[in-house]
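The following dialogue is intended to be read beside the sequence and the coordinates.

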Amino acid sequence: MAFADSDGPPDEPLIPQAVKILIAGGFGAGKTTLVGSVSEITPLSTEEIMTEASLGLDALDGVEAKRTTTVALDFGRITINPELVLYLFGTPGQQRFWFMWDELATGSLGAVVLADTRRLDTCFSAVDFFERRGIPFVVAVNCFDDDKADSYDPEEVARALGTSPSVPIIMCDARRRQSSKQVLIMLIRQVEALLSIVS
Amino acid sequence: MPDESSSNAKPNETGSPVRPYILTWGRQNCDVVRLDMISVVIAARSDVDETALEPEQLAILRLCGRPLSVAEVSAHVDIPVAVVKVLISDLIGRGHVLARAPYTSQSPVGRDILQAVLDGIRRL
């Protein structure tokens, strides 16, 4: 196998540590587009077999009706430096995948809720999830429909979603790297801001 | 109200991947190293007895000449994450692969990490 023949290789190879950010939103909101616009690799897709915990409807008899479900996840990668890699995971948008977000959300830096103004209701469940878990998030309104890009302002979106004024809302075009970068930068700033409140 | 009292079992509704579980000799999570989807793995050494490995493990080992997350390995070999975890943990057990656990925010995230991420994103 071809190992790099560097001068003075260390005994243990340097293994970078990974961090992740979740990109949530309804179907067709542009999650994978956003991931692809900043990822250094073409977004990959993998399947995770998850245990679906019984939710409200099944809980009547107290029996844990668990079953496994296979869920496809799209993700991208940004190498921050030799010691740190950032993964961006597009999370399935439907309500029935909440169970999975718990596993995905564990250890994440924060989340971007990508909103589609034509179907704002499809990101209610994501907003609700991150609020309840205390996971830092920002709302990015994907204005890929150029004609309508200016017909909404952040205040309107905040009102419609019922988010707290402390949750940043940003307009973006998920197809454009510069725009997606601004979304991620805003998220990291929000994480920092919340950190200051805690500490 | 349920309109049918019993027999609500839907056969094979999850489309469970039988073949991948054969690959892992029926093991799931009992005796495996705890790996996350973004645990980063890398091949540990070059003197590998290839005949002692499953073809899938060999494929994984070849991918891991550079550091990759479990999720990336899974995508490249087209085997579900849960199964890849078992295959990799076996490789770790045999000393073929090293892994690093991801950053987890049990405690608040370090400012140094946030700053590094911020710098990295700005450089894109």
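Student: On what basis are the features selected and numbered?
Tutor: This is a predicted model, in which local features need pLDDT of at least 70 and side-chain atom pairs count only at pLDDT 80 or more, whereas totals for chains, interfaces and linings use all residues. Residues are numbered from 1 along each chain as its sequence is written, and chains are lettered from A and ligands numbered from 1 in the order in which they are written.

Student: How many helices and strands does chain B have, and in which order do the elements run?
Tutor: Helices (H or I, at least four residues) and strands (E, at least two) are DSSP runs, numbered from the N terminus. On that basis chain B has 5 helices and 3 strands. From the N terminus on, the order in chain B is α-β-α-β-α-α-β-α.

Student: Which residues stand opposite B:Val41 in β2(B) and in β3(B)?
Tutor: In β3(B), B:Val40 has B:Arg100 as its bridge partner. For B:Val41, the residue opposite in β2(B) is B:Leu68, and the one in β3(B) is B:Ala99.

Student: Is B:Asp78 buried, partly exposed or exposed?
Tutor: B:Asp78 lies in the loop between α3 (70-77) and α4 (81-93) of chain B, and its phi is near 60 degrees, a positive value in a residue other than glycine. A residue is buried if 20 or more other C-beta atoms lie within 10 Å of its own, exposed if 12 or fewer, and partly exposed in between, with C-beta atoms placed from the backbone. B:Asp78 has 13 such neighbours, so it counts as partly exposed.

Student: Why is helix α1 of chain A described as largely enclosed?
Tutor: The buried residues of α1(A) include A:Lys31, A:Leu34 and A:Val38. Because 7 of the 8 residues of this helix (residues 31-38) are buried, it is largely enclosed by the rest of the structure.

Student: What distance separates the C-alpha atoms of A:Ala24 and A:Gly90?
Tutor: A:Ala24 belongs to strand β1 (residues 17-25) of chain A, and it counts as buried because it has 28 C-beta neighbours inside 10 Å. A:Gly90 is 66 residues apart from A:Ala24 along the chain, yet their C-alpha atoms are separated by 6.0 Å.

Student: Which element of chain A gives the most to the side that touches chain B?
Tutor: Residues are in contact if their C-beta atoms, placed from the backbone, lie within 7 Å; the contact takes 42 residues from chain A and 36 residues from chain B. Elements of chain A that each supply at least two residues to this side include β3 (67-81) and α5 (177-198). With 9 residues, the element that gives the most is α5(A).

Methods: Pairing = 2+ DSSP bridges. Contact = placed C-beta atoms within 7 Å.
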